[in-house]
Amino acid sequence: MKKRIHDIELFMKYPHDVQRDTFHYLLDTAKKTDFGKQYDFRNIENPDQFAQDVPVHTYEQLYPYIERRLKGEKKVLWPKDIKWFAKSSGTTNAKSKFIPVSKEALEDCHYKGGKDLISLYVNNYPDSQMFSGKGLAIGGSHQVNELDPKQETHYGDVSAVIMQNLPLWAQYVRTPSLEVALMDKWEEKIERMAMETKDVDVTNISGVPTWTILLIQRINEIMGTDNITEVWPNLEVFFHGAVSFTPYRNLFKELIPKDSMRYMEIYNASEGFFGIQDQIDSDEFLLMLDYGVYYEFIPYENIQDEHPKTIQLEEVELGKIYAMIITTNAGLWRYNIGDTIKFTNLDPYRFKIAGRTKHFINAFGEELVVENAEQGVSAACEATGATIDNFTAAPLYFSDKREGGGHEWIIEFKSKPDSLERFVRKLDEKIREVNSDYDAKRHKDMALKLPIVHPVEIGTFYAWMKRRGKLGGQNKVPRLANNREYIEDILEMLEKK
């Protein structure tokens with residue numbers, strides 16, 4: 001672990017050299033693939049030429065190549081054989097995405113990220129006792145790829161792909177059993193996980209906050225305990241990712257009332273492992289630069305351009321929002337992952353997630369990104385003593401019945417605010433404070449009215465996800481949507497109920 005800390009310090013010190021090496025490695029390795037021949041990788045000499053000759057790809061644009069590999073063709077996007085695909089839900093549609101996961105992506109990106117997470121944690125907390133017990137990992141499921149005529153490939157949640165391929169030593173230090181961890185029926189899975197882990201000395205948990213909450217609550221019910229520290233007294237850290245932890249922080253303090261409890265966030269996805277919270281006193285992510293991923297960035301104001309111009313890592317500026325474009329060791333070429341980030345430090349490169357390029361509300365020029373919404377919810381919770389389990393929001397457009405537009409929210413409260421009216425006002429005030437465009441539209445209630453908030457019962461979002469067949473794994477409730485599809489579907493479900 002100490003040796004790896006030295007390697008991390010090297011890429012922090014020489015970030016541009018490491019990225020240039022990664023760039024040349026990726027193009028040289030893939031020059032004989034169908035994609036590499038199409039775009040003449042052999043004659044691309046530098047990143048500027050790469051950006052000029054190879055267009056930025058959305059998933060939909062890259063899918064014809066991915067589909068060929070799903071059907072058994074080889075050397076399409078990546079020269080090495082790809083046996084696994086990470087399946088994740090689409091963002092604004094119901095279609096699933098199938099992201100190729102090469103052996104190189106598993107070893108040099110996903111697993112390397114997991115090992116670095118532990119290395120950085122132990123480096124920050126040398127008194128850690130996490131290895132005295134087991135790590136509880138909450139993952140998804142996988143299945144045989146039915147499109148492959150030889151049935152040689154599989155797909156599933158990225159967590160399931162990672163778990164299935166873990167080395168023996170890693171299987172030994174984790175719980176529950178692989179059989180239970182990879183179950184596909186989530187309600188039964190939570191029950192089996194609770195029964196199998198309630199008597200294990202769990203020292204660390206890895207997973208998405210929402211499913212972790214459900215598991216902890218179920219174990220407390222089974223054991224008749226008030227909080228999980230009575231079951232797992234040696235629990236010391238929760239490694240989490242996939243969604244922002246900000247709205248869940250107070251709820252976890254209730255579930256794990258332990259002053260010494262630690263939280264460490266990662267930024268990973270089906271497409272790769274990108275950032276780790278490497279400092280004790282900061283929630284910024286360190287951009288991990290030696291994972292076989294080459295980075296480019298699109299300034300926020302150019303995201304919607306038909307042919308957006310990208311900039312390289314050395315050109316990014318502090319405080320600006322960028323869409324992240326990745327080229328990876330699994331054959332994703334100039335791929336728009338759909339996330340936006342904001343750099344908070346340039347030496348070394350640290351950042352925060354601003355939101356999704358597709359998960360935002362900009363119905364009235366307010367440019368509300370997920371980061372703003374989560375800051376607003378967090379401030380409103382703090383001011384009113386509330387804790388939340390989940391939320392979503394969408395625009396409320398002008399109509400004959402409504403003068404001016406607005407935002408409509410559905411919030412699942414774990415602990416209700418002492419005043420819903422005050423919660424709404426604090427939510428609105430905080431968003432106005434952190435988003436000047438929103439503030440301008442809210443001036444004198446002219447373009448935007450005060451938000452409308454629907455408080456709903458615990459389990460509402462769970463029931464909605466279940467109804468849509470989206471329980472488990474990488475599926476999660478969209479925080480913001482620029483259309484009303486999700487929010488109207490939830491309200492319709494509640495009205496029928």
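Is Thr-33 buried or exposed? At 1% relative accessibility, Thr-33 counts as buried. Keep in mind for every view below that this is a predicted model.

**View 1. Thr-33 and the residues around it.** Thr-33 sits in the loop between α2 and α3. Leaving aside residues up to four places away in sequence, Thr-33 touches Lys-75, Val-76, Leu-77, Trp-78 and Pro-79. Lys-32 belongs to the loop between α2 (15-29) and α3 (34-38) as well, but Lys-32 comes out as exposed, because its relative accessibility is 57%.

**View 2. A nonpolar patch on the surface.** Here Trp-169, Tyr-172 and Val-173 make a patch of about 390 Å². Trp-169 is part of helix α8 (residues 168-172), and with a relative accessible area of 54% it is classed as exposed.

View 3. Side chains of opposite charge can pair when their charged atoms come close. Asp-17 and Arg-20 do this at 2.8 Å, N to O. The two are three residues apart in helix α2, so about one helical turn separates them. Both partners are partly exposed: Asp-17 has a relative accessible area of 39%, and Arg-20 has 36%.

**View 4. Arg-262 meets Asp-127.** This salt bridge has an N to O distance of 3.4 Å. Arg-262 is in strand β9 (residues 262-269) and Asp-127 in the loop between α6 (103-124) and β3 (134-137), so the pair ties together parts that are 135 residues apart in sequence. Arg-262 is buried, at 17% relative accessible area.

**View 5. Glu-371 meets Lys-342.** The closest N and O atoms of this salt bridge are 3.5 Å apart. Glu-371 comes from helix α13 (residues 370-384) and Lys-342 from strand β14 (residues 335-346), so parts that are 29 residues apart in sequence are tied together. Glu-371 is buried, with 12% relative accessible area, whereas Lys-342 counts as partly exposed at 22%.

**View 6. A network of salt bridges.** Zoom in on Lys-3, Arg-4, Asp-7, Lys-112, Asp-116 and Asp-290, which salt bridges link into a network. For context, the whole structure holds 37 salt bridges.

Technical notes. Residues numbered from 1 in each chain as written. Predicted model: local features only at pLDDT ≥ 70, side-chain atom pairs only at ≥ 80, totals over all residues. Heavy atoms only, no water. Helix = DSSP H or I, 4+ residues; strand = E, 2+ residues; numbered from the N terminus. Buried < 20%, exposed > 50% of the residue type's maximum accessible area, 1.4 Å probe, protein only. Contact = heavy atoms within 4.5 Å. Patch = residues over 30% accessible without salt bridge, like charges linked within 9 Å, V, L, I, M, F, W, Y side chains within 5 Å. Areas by Shrake-Rupley, 256 points an atom, 1.4 Å probe, with all protein chains shown as cover. Salt bridge = Lys/Arg side-chain N within 4 Å of Asp/Glu carboxyl O.
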